[in-house]
Amino acid sequence: MWDVLEEFYDSVPRPGSHVEDHGELVLFVQAGDGYPYYARPRFPGGRPVLADVVRMRERQRELGVPEAFEWVHETTPDLLGIAVSAGLEVLRAPLMVLDPERLPRPHPHVRVLATRPAEVAVVAELAFSSPGTAPGQAGVAERDAALAGAVPASTRHRHAVADLPGEGVLAVGTAQRAGDVVEIAGVGTLPVARRRGLGGAVTAALARDALERGATLVFLSAGSTEIARVYERVGFRHAGTACIASPAE
Ligand SMILES: CC(C)(COP(=O)(O)OP(=O)(O)OC[C@H]1O[C@@H](n2cnc3c(N)ncnc32)[C@H](O)[C@@H]1OP(=O)(O)O)[C@@H](O)C(=O)NCCC(=O)NCCS
């Protein structure tokens, strides 16, 4: 499974980015103005050393892109200590894999789309502005105000929306595919609509859709162990650790 995941991580950013090889690391630089990418170990078998990380940070600063690194701990275990000694802070995110037989029944108001309606970016941005799983104030009024200037975007991915009668889109998520592997990301629920099962439901809908379309491995990285519980409830199990590094404050 780790080899399959490495290949996925190496191939999924390529269509939308410019790729630079630097020793044992590869840098993906987002070509458009979307989410900026990161550096990761060269595929296959990259074994970065401290000098690789230091040089890569210089290059990232030179390009004006984030000094961001991502890798799977089980595949490249030495990089954790190296990144810390290079002055990076490393988030160890639970890497979770779907057990297909544990998927819950579909939610009646969640649908999966091959287009990206404006709500996907707007709801995700409001959700990620209130990190963690606690409910909060931001809700439908904030969403609708932000939607006034928003436009649908073209997409290479699949998107799920929880679109409740009389309330509109309250939760969203995205699935990206490379080969037979699908990663679910960008799952977010408006703070006011949390703890109603919607984050779990959009995740489950994307996972079911991926299986129906022939995926053999569906996975995600949870932002914390608390968030991982949301995914456990809909059939994902903790399989490893995704490391996400950025400069320490
Ligand atoms: C993480 C996030 C998507 C969860 O969304 P959500 O819609 O609240 O998720 P769910 O309702 O499915 O689950 C959240 C909790 O509500 C509980 N819950 C689910 N249905 C419920 C219901 N009908 N009534 C009461 N509680 C319920 C779940 O058991 C879970 O409890 P737990 O945290 O104690 O395990 C949301 O908090 C969020 O947008 N956070 C910020 C962005 C983010 O971090 N996204 C994830 C990146 S990996």
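These legends go with several close-up views of a predicted model.

**View 1. Strand 5 and its two partner strands.**
Let us start with strand 5, which covers residues 88-98. This strand is mostly covered, as 8 of its 11 residues are buried. Strand 5 pairs with strand 11 in the antiparallel sense, over 11 bridges. To find one of these bridges, look for Met96, whose partner in strand 11 is His238. Strand 5 also pairs with strand 10 (residues 217-221), again in the antiparallel sense, this time over 3 bridges.

**View 2. Leu98 and the residues around it.**
Now zoom in on Leu98, a residue of strand 5. Is Leu98 buried or exposed? Its relative accessible area is 7%, and buried means under 20%, so Leu98 counts as buried. Which residues is Leu98 in contact with, once its neighbours within four places in sequence are left aside? They are Leu103, Ala207, Leu211, Val218, Val234, Gly235 and Phe236.

**View 3. Strand 4 alongside strand 11.**
Strand 4 spans residues 69-72, with Phe69 and Trp71 pointing one way and Glu70 and Val72 the other way. All four of these residues, Phe69, Glu70, Trp71 and Val72, are buried. Strand 4 and strand 11 (residues 236-247) run antiparallel and are joined by 4 bridges. You can trace one of them from Phe69 to its bridge partner in strand 11, Ala245.

**View 4. Helix 4 crossing helix 5.**
Helix 4 (residues 118-128) and helix 5 (residues 140-147) have axes that come within 10 Å of each other and cross at roughly 130°. The two helices, helix 4 and helix 5, are therefore oblique to each other. Their crossing is right-handed. On the helix 4 side, the residues that meet helix 5 are Ala118, Glu119, Val122, Val123 and Leu126, and on the helix 5 side they are Glu142, Arg143, Ala146 and Leu147. The residues of this contact divide into 6 nonpolar and 3 charged, with no polar ones.

**View 5. The buried residues of helix 4.**
Which residues of helix 4 are buried? They are Ala118, Val120, Val122, Val123, Ala124, Leu126 and Ala127. What do the buried residues of helix 4 pack against? Helix 5 is one of the elements they pack against, and the others are strand 7 (158-164), strand 8 (168-178) and strand 9 (181-189).

Most residues other than glycine have a negative phi, and most peptide bonds are trans. Our first stop is the loop between strand 3 (39-41) and helix 2 (50-63), where Pro44 lies. The peptide bond from Phe43 to Pro44 is cis, with omega near -5°. Our other stop is the loop between strand 9 and helix 6 (198-212), the place of Arg195. Arg195 is not a glycine, although it has a positive phi of about 65°. Is Arg195 buried or exposed? Its relative accessibility is 63%, so Arg195 counts as exposed.

Key. Residues numbered from 1 in each chain as written. Predicted model: local features only at pLDDT ≥ 70, side-chain atom pairs only at ≥ 80, totals over all residues. Heavy atoms only, no water. Buried < 20%, exposed > 50% of the residue type's maximum accessible area, 1.4 Å probe, protein only. Contact = heavy atoms within 4.5 Å. Axes fitted to C-alpha atoms, helices over the stretch in contact; angles between N-to-C directions. Parallel < 35°, antiparallel > 145°, perpendicular 65-115°, else oblique. Left-handed = near helix turned anticlockwise from the far one by under 90°. Nonpolar A, V, L, I, M, F, W, Y, C, P; charged D, E, K, R; others polar. Pairing = 2+ DSSP bridges.
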